[in-house]
Amino acid sequence: MNHGTSLLWKQRALSSLSATRRGLPKEKMSENGMSRGKVLTIDNMNPTVKKVEYAVRGPIVQRAVELERELSEGMKKPFAEVIKANIGDAHAMGQQPITFFRQVLALCSYPELLSDSIFPEDAKNRARRILNSCGGNSMGAYSASQGIESVRQDVALYIERRDGGVPCDPDNIYLTTGASDGIVTMLKLLVCGEGAARAGVMISIPQYPLYSAALAELGAVQINYYLNEEKCWSLDISELQRALNEARRYCNPRALCIINPGNPTGQVQSRQCIEDVIRFAARERLFLMADEVYQDNVYAEGCQFHSFKKVLFEMGPEYSETVELASFHSTSKCYMGECGFRGGYMEIINMDEEVKAQLTKLLSVRLCPPVPGQALMDLVVNPPQPGEPSYERFISERTATLSALAEKAKLTEQVLNTVDGIRCNPVQGAMYSFPRIAIPEKAIKEATENGQQPDMFYCMKMLEETGICLVPGSGFGQKDGTYHFRMTILPPRDKLKILLNKVQEFHQRFTQQYS
Amino acid sequence: MSVLQEISSNVKNMKTLEYSLLARWTKQIKEDLRQGVKKPFKEVIDVSWGDPHRGGVKPLTFVRQVLAACLYPQLMNGEKLPVDVRQRAQKLLDGCAGWSVGSYSATGGLPEIVQRVSEFISRRDGGVQSNPENIFLCCGSQWALTRILNVLVNAEAPYPTGVLTPAPCYSTTTLSIEGLGGVVVPYYLSEERGWELQVEELHRALESCKGACHPIALYVINPGNPAGQVQSRKSMQEVIRFASEKRLFLLADEVYQGCIYGEKEFVSYKRVLSEMGPPLSDTVELASFHSASKGFMGECGLRGGYVELVNLDPAVKKYIYTLFCADSSPPVLGQIALDLMTNPPQPGDPSYLLYYQETQHIRSTVVKNVKKACEVINSLQGFSCQAVEGGAFAFPRIHLPAKAIQKAKEAGMQPDTFYCLRLLEEAGVLASPGSDYGQEEGTFHIRFCILLPHDVLGELLQRLSDFHTQFMKDFS
């Protein structure tokens, strides 16, 4: 063992950050002295894995699945079906895929269909183009780790069009397995340091729990900055500053994550806010991570999506040449709702070349993103154009989906706000409502005695009584003493109405019961 | 100065593969060819990946018809597609939320598919029970492996975690281990004995951990990658006994189980373990990995893989489940590929004949390829190749002359990288250097894929032998 290694051991031994430092695994001995017991136990497994939680698929969902099974086995329940309003899965709730996309993907899968007249010419041309860029003309070949080059080029053009001409270099585009892959990879890259120098990452409260899960797994420090519920979940720079200053005492803050439009909160940040965040990140030398997967899901009047990249560049070279930014997009949301494809990309601005080389290494470990997802992303950034055979249908499908979502966003806000004890901020964008609920003292007490978060207690009751599966606000983070739930706006309008009424009735019953 | 100057030391510690240099050169060469620059070849033959489709092998018709029907269900109207294709697509869509392959699935995969995968495993293993709760479908087997390694590698322990891996070993796995802060502990396969795994070598490797790391797992690849050996039952039993005795978690990478060419049969670690009976069969902790990327299907781009966990502590499994939850769900088309791989058309089904013809064609092609590749290579001076019993690659040894090694050193390159670079520049063949996989000191190898149409392999071998002969002459 060389000096370097022994030094490393000492450093690890002296690390004050981990409370779960472990030595060699304990051997369990049986009577006759033979060692027994598992090789991999909860004592010697990677301790950070134990801290990972992901409420969106957590215990309440497992119970929902159980109830579904019981229903299918004929067990009597106070409801006819379980409604999974916990997860942002549009197709599961009946949203239809975009015809053009599915046609092209079918053609790519089985190119014999290129001779079939049921497919329009433009779909065939797209399929040919995509297949030409695949190894062996097959979607079954690996692509380069960074993603198919022609797709990255198309993504770059899309970004340029979206951002009013701000240039985009395809080399800065990385195709990913959903946006999550990109986000986790970036976090893996920048989490380092020991003890008080351990990397800290700023994340909004409430947040999408992928972030907290990834930070827990990486042993990074999660730095919470609270969104302002009273001001429609707006982001105050003073709150960012407060969180940062405090965090500097015990960690090394390196990055700032922002989700816009927000999840679970649905707020769409104003342009001014985005500028302020950029200035803040520049001043405090933070890497900016902009999760923009809901960029087409903007409903409220007066709200508009502004991409971080665009705003950054419009702020001039002082910022555009220095602020380091990664922005993320996905095929899972917006009007496509194609979660099952795991398509996504990230654009990286101003990253050091050497760091990029390290990023490339990290990405190579997962080989390549699913090629159908890459193909789909190509279609998303390059949809049918006016004059093309599929254009009319495409536009009408997209419009119908987005306007239905807008309508449901409004409906949700309206209905929930009629309920005493429920207060719902306007759902400006994304796919969820995140209303605040008043939980009576008695219920809080019972929950605590059960070892449950009060809003988990509430949501579990709702599930058992109505079959509606929501995610408690504690899964996303919230101000102490406040309670929320996240409910998707995705079910079809009529079903949503029924759902909202049931929620209303349940809340009244619950409040009554625990008064 | 960049905000990101400081990055994760785990990431920094990941080896930069020699291959990345070759990939850059290939990009340049392809660009040159596009621009019309004259070269001694018209196109680059890329055999650096285990990627049958890239090499020219055709996808299976049944598979692609089912995928197309699942993507665009209108195709099921009418009689265009065979009835068994339509039935299968129907069945698969019935299992998808909202009847769409675009929705998320349950963590670990669509339950019906997981069930059918478990039945496949049981059939494959002569009836050994397989519990769907222990199976997780994943975005490729490497993704699943990384997740399991994530649980095993404890970066906060005073001792770094060691994982015993073969040398040579598939480089993505060793990178994964390094990326998680683990230590790769090589055990050398015995080239002269057909890349045999010798238990004495496992003992030696374990000894080398003393004072350096705490070994927690033993990773085996069977059939091997890059070396195409198929392990004997006896050898597997020795490995299992060793893992049990030395308290190691067994990671069995079996993605090439569908690629067997010689006399030896594939038998799974799970089956061997089960047949060894208690206490071993009840105690040895095992994770085995399989994938839709290899075999006849070769659907690498769809990212369909799975891991089966055996004898794990239930408390640990709960955490593994949560870890997979945070990944959302694996790509649905990849899951469908797994379903089709584990449940292909049967005799009597309308698609069976074509399916059989296509798979037989691929099989006989690859068997021919393996024979030819070994013959050609072994006939050349300074080139030798162990029998390729399985897997996707040939991994011949190049007996480099001292002059070549010297030249490589001067160029600041590994000798086999130097060879591969020359091979690329002069013959337009992209293969990968043995340095990326680990090899005995002073030996050099290259790896190239043999899952190719026979004529492409023929072209490849022609270029390779011409180049090799010249290279040996130049550096004699």
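## Basis of the model

This is a predicted model, in which local features need pLDDT of at least 70 and side-chain atom pairs count only at pLDDT 80 or more, while totals for chains, interfaces and linings use all residues. Residues are numbered from 1 along each chain as its sequence is written, chains are lettered from A and ligands numbered from 1 in the order in which they are written, and side-chain values use heavy atoms, with hydrogens and water left out.

## Where chain A meets chain B

Start with contact, meaning heavy atoms within 4.5 Å. On chain A, 98 residues are in contact with 97 residues of chain B. The two chains bury about 8,200 Å² between them. Carbon and sulfur atoms account for 59% of that. Buried area is the accessible area (1.4 Å probe) that two parts lose on being put together, summed over both. In chain A, the residues that lose the most area to chain B are A:L40, A:R57 and A:Y142. Together they make up 10% of what that side buries.

The rule finds 2 salt bridges across this interface. A salt bridge is a side-chain nitrogen of Lys or Arg within 4 Å of a carboxyl oxygen of Asp or Glu. A:D116 forms a salt bridge with B:K80, with the closest N and O atoms 3.0 Å apart.

Several elements give two or more residues to chain A's side, among them helix 1 (3-14), helix 3 (99-109) and helix 13 (371-380). Helix 3 of chain A gives the most, with 7 residues. Helices (H or I, at least four residues) and strands (E, at least two) are DSSP runs, numbered from the N terminus.

## Two domains in chain A

Chain A is divided into domain 1 (55-93 + 394-514) and domain 2 (107-381). These bounds come from an automatic or database domain assignment. The C-alpha centres of the two domains lie 28 Å apart. Between the domains, about 2,600 Å² is buried, and carbon and sulfur atoms give 58% of it. A:Q428, A:A430 and A:F476 supply 24% of the area that domain 1 buries against domain 2, more than any other three residues.

Across this domain interface the rule finds 0 salt bridges. It does find 15 residue pairs in polar contact, both at pLDDT 80 or more. Helix 14 (391-417) and strand 12 (432-433) of chain A each supply at least two residues of domain 1's side. Helix 14 gives the most, with 7 residues.

## An enclosed helix

Why is helix 13 of chain A largely enclosed by the rest of the structure? Because 10 of its 10 residues are buried. Buried means under 20% relative accessible area, exposed over 50%, partly exposed in between (1.4 Å probe, protein chains only). The buried residues include A:V371, A:L376 and A:V380.

## A buried tyrosine

A:Y294 is in the loop between strand 8 (287-291) and helix 10 (308-314) of chain A. Is A:Y294 buried or exposed? A:Y294 is buried, with a relative accessible area of 3%. Leaving aside neighbours within four places in sequence, its contacts include A:P261, A:K333 and A:A430.

Note on methods
Polar contact = N/O pair within 3.5 Å; in protein donor to acceptor, adjacent residues only side chain to side chain.
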